[in-house]
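Visitor: I would like to learn how to read a few features of a model. Please take them one at a time.

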Amino acid sequence: MAKIGFIGLGNMGLPMALNLAKAGHDVTGHDIFPAAVAAATAAGLRVDAVGAVDDVDIIITMLPNGKLVLEAYQTILAKAKPGTLLIDSSTIDVASARIAHEQAEAAGMLSADAPVSGGVGGAAAGTLTFMVGGSEDVFAKAQPILAAMGKKIVHCGGAGAGQAAKICNNMILGISMIAVGEAFVLAEKLGLSHQALYDVASTSSGQCWSLTSYCPVPGPVPASPANNAYKPGFAAALMLKDLLLSQEAAASAGATTALGQHATEIFQQFVESGQGGTDFSGIINDIRGKSA
Ligand code: NAD
């Protein structure tokens, strides 16, 4: 069993750290937000800023953005033992992820980017998907640790490849949710029932995850947020964060992503209208409102 420091005990980080402890690892957490520290302590996790970095074998970060990850790495790289395995599971920009790898390797550490999909529910259930960037050797060391928090762990390639996979996947998700929402609104205008469109499209070429697992109208998929007043789930503000990261990456890599750009604009307007805390499938209500 490993000695693990876990930095960032928020909505995702705390349940992930608790699953590591449940698997028998010796886990020490750290967070700068007093309420997060209080929640972690109440859940039985040891919290100690120094202990989470010094004298551990592995440090996992789960932080809001690339700037905060690189800032946290300044302390980690100065204080951690050489050879410590650093796993960043935050969703951040590919450029910052590559800088984090370079700095970690220069300081004699092992480094992996390992963002997740599966949300807060997957973090609690230990069923996250991890998308991992880093060398074969680092992946082999990280895999059994990540297995305590997730059910699918994919080695995507070298430094930053995990973040690249995450934002490409979520760009598909943002675009496809808008496409499904538009199709249901058009069906309403044409007098076609939600269930009829669902029954046809879910078994035809329009089939996709946004339709069959996360249907944006109530009824056809009882567990989707549409049946629960669009309570997240996956908040529109987080969808926008990932779409903005995809557009930043597309601009720097020279990729044309016209639909990704348009989806970003649509979610930006939705969030700016005060709907950032609504599930992202609530975008259908925005489409319906504009169609009236
Ligand atoms: P969160 O805001 O709930 O948690 C982040 C935590 O990091 C906070 O408790 C904050 O106090 C702490 N923090 C910030 N700076 C710190 C520092 N320097 N040292 C220690 N702690 C620090 O966010 P979250 O929902 O847990 O998301 C974390 C990451 O996971 C993000 O990058 C997010 O995009 C990604 N993600 C979230 C979801 C989701 O559904 N919430 C799904 C997939 C990926």
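Visitor: Is Asp26 buried, partly exposed or exposed, and what is its relative accessible area?

Guide: Buried means under 20% relative accessible area, exposed over 50%, and partly exposed in between, with a 1.4 Å probe and protein chains only. Asp26 has a relative accessible area of 33%, so Asp26 is partly exposed. A note on the source: this is a predicted model, in which local features need pLDDT of at least 70 and side-chain atom pairs count only at pLDDT 80 or more, while totals for chains, interfaces and linings use all residues. Residues are numbered from 1 along each chain as its sequence is written, and side-chain values use heavy atoms, with hydrogens and water left out.

Visitor: Which residue forms a salt bridge with Asp26?

Guide: Side chains of opposite charge can pair when their charged atoms come close. The term salt bridge requires a side-chain nitrogen of Lys or Arg within 4 Å of a carboxyl oxygen of Asp or Glu. Here Arg46 pairs with Asp26, with 2.5 Å between the closest N and O atoms. Arg46 lies in strand E3 and Asp26 in strand E2 (residues 26–30), 20 residues apart. Strands (E, at least two residues) and helices (H or I, at least four) are DSSP runs, numbered from the N terminus. Arg46 is partly exposed, at 44%.

Visitor: How many salt bridges does the structure hold?

Guide: The structure holds six. Among them is Lys3 with Asp55, at 2.9 Å from N to O. This pair joins strand E1 (residues 3–7) to the loop between strand E3 (46–47) and strand E4 (58–61), 52 residues apart. Lys3 is partly exposed at 32%, and Asp55 is partly exposed at 46%.

Visitor: How do helix H7 and helix H12 cross?

Guide: Two packed helices are described by the angle between their axes and the distance between the axes. The axes of H7 (residues 161–189) and H12 (residues 283–291) come within 9 Å and cross at roughly 45 degrees. That makes H7 oblique to H12; angles under 35 degrees count as roughly parallel, over 145 as roughly antiparallel, 65 to 115 as roughly perpendicular and the rest as oblique. Axes are lines fitted to C-alpha atoms, for helices over the stretch in contact, and angles run from 0 to 180 degrees between N-to-C directions.
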